[in-house]
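Hi there,

Here is the structure I promised to pass on. Have a look at it first, and then read on for what turned up.

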Amino acid sequence: MSATNDDPMAGLAYISARYNRSTPATYVHTVMKLNPHLRNVPGVRLAMRTIDSAKNSVGLLKAVPALPEMVQQLIGDLSDPLQIIVFQLWSSASRFHDLNLVEFMYFENLGVVRLRFTAPHKCHLKMERKFAKFIPCPSLAIAKKFWTHQPVSYDQFYRFLRNSPFPQLSAHSFRDGSIQYLNRFFAREMIAHLSGHTPSQVN
């Protein structure tokens with residue numbers, strides 16, 4: 001964050017261009033809690049007010065949810081790591097950073113993959129939260145192909161989406177779209193187990 005230390009507005013512009021409007025606000029306030037001395041850096045208070053104003057603007061709080069037909073077009077033939085990332089985000093209703101530390105185990109007798117996420121939930125600063133999800137999968141070979149870690153950075157995925165037929169989408173769009181789709185078929189209490197939220201937080 002050297003850009004933020006030298007020019008808070010430049011740092012604000014960087015993260016605001018790449019993430020959903022509520023994400024920079026959460027990040028900035030977390031940094032302030034851990035480093036209260038930064039409030040004395042010239043321009044930081046202005047940056048905080050600007051980012052809070054953007055967060056609270058009508059219509060800018062949520063990522064645009066990805067629709068099933070969008071996902072189908074983006075995953076293509078699943079021959080490219082970027083396409084596989086789309087599949088992983090949608091089918092597991094995950095955040096992009098969740099995929100960085102995920103371990104899979106295949107249960108042949110059940111025909112499912114257990115995804116054990118060792119990355120913490122974004123709300124847990126103590127980094128203690130670990131969780132698992134279970135995804136139907138017909139074979140170990142398919143599990144290895146689609147649940148092995150893909151060498152894709154956030155910036156690469158960001159550019160992939162911007163150059164796709166759906167540039168309005170963000171990485172978080174697939175999690176939001178997946179949860180909205182599941183809302184058609186399951187109760188909030190069941191979806192909360194998948195999303196890591198309380199039932200009242202499930203849209």
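**Around Gln83**

Leaving out residues up to four places away in sequence, Gln83 touches Leu74, Ile75, Gly76, Asp77 and Leu78. Gln83 sits in helix 6, and this residue is buried, with a relative accessible area of 14%. Because the cut-off for buried is under 20%, Gln83 falls inside that class at 14%. From Gln83 to Phe157 there are 74 residues in sequence, yet the C-alpha to C-alpha distance is 9.5 Å.

**The chain as a whole**

Please keep in mind that this is a predicted model. The chain holds 10 helices and three strands. Going along the sequence, the order is α-α-α-α-α-α-β-β-β-α-α-α-α. Of the 203 residues in the chain, 38% are buried. If you take the contacts between residues at least 6 apart in sequence, 55% of them join residues at least 24 apart.

Which residues of helix 6 meet helix 7? On the helix 6 side they are Ile84, Phe87, Gln88, Ser91 and Ser92, and they meet Lys145, Phe146 and Trp147 in helix 7. By class, this contact divides into four nonpolar, three polar and one charged. The axes of helix 6 and helix 7 (residues 140-147) come within 9 Å and cross at roughly 105°. The two helices are therefore roughly perpendicular to each other.

Next comes helix 8. Helix 6 packs against helix 8 at an angle of about 95°, and their axes are 11 Å apart. That angle makes helix 6 roughly perpendicular to helix 8. Here Leu82, Ile85, Val86 and Leu89 in helix 6 meet Gln156, Phe157 and Phe160 in helix 8. The residues of this contact are six nonpolar, one polar and no charged.

What about helix 9? Helix 6 (residues 81-92) and helix 9 (residues 172-182) have their axes 7 Å apart and pack at an angle of about 40°. This makes helix 6 oblique to helix 9, and the crossing is right-handed. Val86, Leu89 and Trp90 in helix 6 meet Phe174, Arg175, Gly177, Ser178 and Tyr181 in helix 9. Sorted by class, the contact has five nonpolar, two polar and one charged residues.

In helix 7, the buried residues are Ala143, Phe146 and Trp147. They cover an arc of only 85° around the axis, which puts them on the same side of helix 7. The cover over these buried residues includes helix 6, strand 1, strand 2 (112-117) and strand 3 (131-136).

In helix 8 (residues 154-162), Tyr154, Phe157 and Leu161 are the buried residues. Their arc around the axis is only 65°, so they lie on the same side of helix 8.

Is helix 9 largely enclosed or largely open? Eight of its 11 residues are buried, so helix 9 is largely enclosed by the rest of the structure. The buried ones are Ser173, Phe174, Arg175, Asp176, Gly177, Ser178, Ile179 and Leu182.

**Two backbone angles to look at**

Most residues other than glycine have a negative phi. Against that background, here are two residues on either side of helix 6.

- Leu78 lies in the loop between helix 5 (68-75) and helix 6. Its phi is positive, near 60°. Leu78 is buried, with a relative accessible area of 14%, and it is one of the residues that Gln83 touches.
- Ala93 lies in the loop between helix 6 and strand 1 (102-107). Its phi is also positive, near 50°. Ala93 is buried, with a relative accessible area of 0%.

Best wishes

Technical notes
Residues numbered from 1 in each chain as written. Predicted model: local features only at pLDDT ≥ 70, side-chain atom pairs only at ≥ 80, totals over all residues. Heavy atoms only, no water. Buried < 20%, exposed > 50% of the residue type's maximum accessible area, 1.4 Å probe, protein only. Helix = DSSP H or I, 4+ residues; strand = E, 2+ residues; numbered from the N terminus. Arc of directions from axis to C-beta. Axes fitted to C-alpha atoms, helices over the stretch in contact; angles between N-to-C directions. Parallel < 35°, antiparallel > 145°, perpendicular 65-115°, else oblique. Left-handed = near helix turned anticlockwise from the far one by under 90°. Contact = heavy atoms within 4.5 Å. Nonpolar A, V, L, I, M, F, W, Y, C, P; charged D, E, K, R; others polar.
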